[in-house]
Amino acid sequence: MSLSRRGPRLALLNPIDPTHPIAERELALRMARAIAGLGWEAEILSRSDQVEAMNPDGVLCLHPQVTAKLTAHPWLACYWNPPSLLKGASETARRYGEAFELTYDAYLVSGPQLEAHLAGLMAGVGRDPPTLPFHVSSPRSSLTPTLGPESRMFYVGSNWDGRRYPTLLRRLSEAGVLALHGTAERWSHLAEAWQGPLPFDGRSVIDAAHHWGMGLCLHLPQHRAEGVPNMRVFELAAAGAVIIADRHPFITHWFGDSVLYVDVEGGEEETADRILNQVAWIRAHPAEARAMAADAQAIFNRALCLEALLEPLPGLLDRLHRPRTQTRPTRIGVLLPGQGDLSGRLDQLAAQAGGDLSVTALLPADGTDIQETGIGQRRLSGPVGLETLRAGLTGLEALAILPEGVVWHPGHLAGLAAATGDASIAAGLWPAPEEPTGFPIDPVERLALPPPDEEGMGAERRAARAWLRAGGLYCRTERLDALGGGEANGTDQDWTQLALDLPPLLAGSGPLALPAVPSLTLVRLPEIPFTPRPWPATRPAGPTEQPPRLAGISDLDPVLAGSVPWIWHAEDFTRLPQTGPIWLYGAGEGGGLVCDGLPAAARERLRGFLDSRRQGEMRGLPLCRPGDVATAEMENATIIIAAQYVSDILLTLRRRGVAPAHILNAYPYIAASQEAAAAQQAATPSI
């Protein structure tokens, strides 16, 4: 019976550590409610062994940037994070996040711009996976609008990116129009508005928005630029609350005039004024505002609730469960290095063969008795090296390697052969990260990449990384001809070491692509000696390259933040003006980092620190508001922005009459310093 008729069994995989109450946990609970309402079955899981035990019809991964596909079931990526958000992450998170994204069987995509971005990534690996429209939505709702005289503007945030919109939210708080929910650590500084935390239970957030009657929906610039909506608009619509939102293209397209809009240009002060004007209109026109809330909820229930978005999913899963067809006959030789038990790996190869695909096992010439498995078997007779390997591949079209400790998912070879066609390319699995990516993945995940971060794991981690490369290798036999003759690296070695050497050797002779088919898993660390061999070095950043992030992630206008020169590397401080006073705008961690980075001569000219609200002393120097400093002093000074809200600070300085030529943006330096410190801390063994 097709899944469209009986309803699918779905695993909702939240790979983030379940002890972390963040958005993925709330989304999983909301999705489980919607799936139950459709009469389907769902379980919220966080590890691959739980997926194996459930044996679902499909796995919906809520954060595909932190984990690859890890089981043989169809895995669907919830593709709702703007790619530009990764640009500000660590190099490790960027590199592996992009690689992990490529391993899924299908994608639930939030908006046409993300769909176009995904299509570009897939074109690079020869794939065209199925997609469905999907968003970070909420279950269908029948809550009626509750707007009344005591209503406040609901806002909630786990606030993983620090104190978001500090000036804007303070203005709304002081005006008495804001009902703010979240942790005390992040929000209790806004005492007039803070209403305490809310549990992540899939219901309480929407219930609280319903109680307050209206709500605020603001997006990060990256979400607006790439047309990706955040959770707020869906939960406010579900709550029957009057929605005040920025002019996001998704919201204007779908909700039209059922939402009240504010422009965010001009900084946080002007945005706060516009929001207060909309609140005043709501209080003056309550009946019209309630009608708008009802219209927004009707649009949501009809087309944008989770039930409506999930409805086509069984048909997509039916497509993924159909047997993969082979586009052309392919004869593949598979090298089985190592001296351990070969029976399990031969069984894997027998399961790969069938239809037009023939598989031949290439076995070391050690005299081991091999059972009959129904596939071809060849002994590699002669010295270990490329010439012997080429001879063993005579009459075959492609080479793959199946080491010990690696499992191929069903259809691995057929999928690679179909995806690569006649091209002479190598498809290698990404290496496991050498340092944490910054995401708190469930620590009990036995297949998590990288291997456990324990003291003394350095050599084993390098070995595992190389082993994954070998286990993901697929190349046309003519690609081996480009490596020249003789033995690999001119050294004595066994087939195990040659298997580890081949991926970097192939990478040195031409492109080594990511795998076109998500299909293998590391089941244990290899117990082998390992000699590191470098892959091709990446090109160093040029002197004119733009930093990954020019302002904090919540900066309302990152384009404005890039309109003044920036300080990114330590050597950039040597190009500061040689005369005149220096002020650092930022009294937090950023101000301290930039102060420490100043050359001695520049530090002697440092007059003090600036902050939009605070006064006092910092590091033995004055801490002032911009209006406290004499105009002549400001006109002659070099002002270095050492905080994350760069555009708002620029607007403040512009109103103060400071010439843009005297302003430098040091946020890129702060971000790079914080990333380096985090990497150093992660690399330091705990005692």
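Author: N230 caps the N-terminal end of α10, with a side-chain oxygen 3.0 Å from the backbone nitrogen of R232. A polar contact here is a pair of N or O atoms within 3.5 Å; within protein, one must be able to donate a hydrogen and the other to accept it, and residues adjacent in sequence count only if both atoms are side-chain atoms. This is a predicted model, in which local features need pLDDT of at least 70 and side-chain atom pairs pLDDT 80 or more, while totals for chains, interfaces and linings use all residues. Residues are numbered from 1 along each chain as its sequence is written, and side-chain values use heavy atoms, without hydrogens and water.

After α10 comes G240, with a positive phi near 70°. Helices (H or I, at least four residues) and strands (E, at least two) are DSSP runs, numbered from the N terminus.

Part of the surroundings is an open sheet of five strands, ordered β8-β7-β9-β10-β11 with parallel pairing; two strands pair if DSSP finds at least two bridges between them. β8 (178–181) and β11 (260–262) each have a single partner strand, so one side of each is left without a neighbour in the sheet. Within the sheet, three bridges join β7 (152–156) to the parallel β9 (213–217), and M153 stands opposite M214 in β9. Helix α10 (231–239) packs on this sheet, touching β7, β9 and β10 (242–246), where contact means heavy atoms within 4.5 Å. The direction of α10 makes about 170° with that of β9; axes are lines fitted to C-alpha atoms, for helices over the stretch in contact, and angles run from 0 to 180 degrees between N-to-C directions.
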